[in-house]
Amino acid sequence: MPDYKKDINIFLTRIFNHILSYEQRCLNEPKSNLTINDFHTIEQIGLDGNKKMTDIADAMGVTLATMTSAADRLEKKGCIRRERSMSDRRIVLLSLTRFGRVMCKLHDRFHERMVNKATENLTAEEMETLFHALSKLNDFFEGANNKI
């Protein structure tokens, strides 16, 4: 049986780089001047909004100071609003503006197209195998990120 590990490493590296490059090109089509990190922050805030800044920072694996800087940038770009919680003034809530919601939907469509392309013509068995392989990869990175 061939040793596929070297080729898998090459594929994963290439796929990661291609996704980042393609995502940046697709998301810059509307000339929004948003970075991939901006889009991922917008995605974490979500269409429902009113998310605690600390929860978003935790979900993204960044410090509150980093999240505050990201919120400053997104607020200046017209993507988000910040409000203090009425029940606890220490809590900062983030929600998307109309422009932020449009950008969130654009990002969601990008991911939907990517997943559809990656899974088209797969049998149910192939889909299950891909799902399990990606789940293991995700578990590895979640565990590795929690150790940092």
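I took contact to mean heavy atoms within 4.5 Å. Helices (H or I, at least four residues) and strands (E, at least two) are DSSP runs, numbered from the N terminus.

**Ground rules.** This is a predicted model, where local features need pLDDT of at least 70, side-chain atom pairs count only at pLDDT 80 or more, and totals for chains, interfaces and linings use all residues. Residues are numbered from 1 along each chain as its sequence is written, and side-chain values use heavy atoms, with hydrogens and water left out.

**Overview.** I found six helices and three strands in the protein chain, running α-α-β-α-α-β-β-α-α from the N terminus on. Along the principal axes, the C-alpha atoms fill a box of roughly 60 × 35 × 25 Å. Of the 148 residues, 25% count as buried (under 20% relative accessible area, with a 1.4 Å probe and protein chains only).

**α2 and α4.** Which residues meet here? I noted Asp 38, Thr 41 and Ile 42 in α2 against Met 67, Ala 70, Arg 73 and Leu 74 in α4. By class, this contact has four nonpolar, one polar and two charged residues. For the classes, Ala, Val, Leu, Ile, Met, Phe, Trp, Tyr, Cys and Pro count as nonpolar, Asp, Glu, Lys and Arg as charged, and the others, Gly among them, as polar. The two helices pack at an angle of about 100°, with their axes 11 Å apart. That makes α2 roughly perpendicular to α4 (65 to 115 degrees). Axes are lines fitted to C-alpha atoms, for helices over the stretch in contact, and angles run from 0 to 180 degrees between N-to-C directions.

**α2 and α3.** Next I checked helix α2 (residues 36-45) against helix α3 (residues 53-60): their axes come within 10 Å and cross at roughly 125°. I listed Asn 37, His 40, Thr 41, Gln 44 and Ile 45 in α2, meeting Ile 56, Ala 59 and Met 60 in α3. This contact divides into four nonpolar, four polar and no charged residues.

**A closer look at α3.** Which residues of α3 are buried? They are Met 53, Ile 56 and Ala 57. They cover an arc of only 100° around the axis, which puts them on the same side of α3; the arc is that of the directions from the helix axis to the C-beta atoms. I saw them pack against α2, β1 (51-52), α4 (64-76), β2 (80-84) and β3 (92-96).

Notes:
Buried < 20%, exposed > 50% of the residue type's maximum accessible area, 1.4 Å probe, protein only. Parallel < 35°, antiparallel > 145°, perpendicular 65-115°, else oblique.
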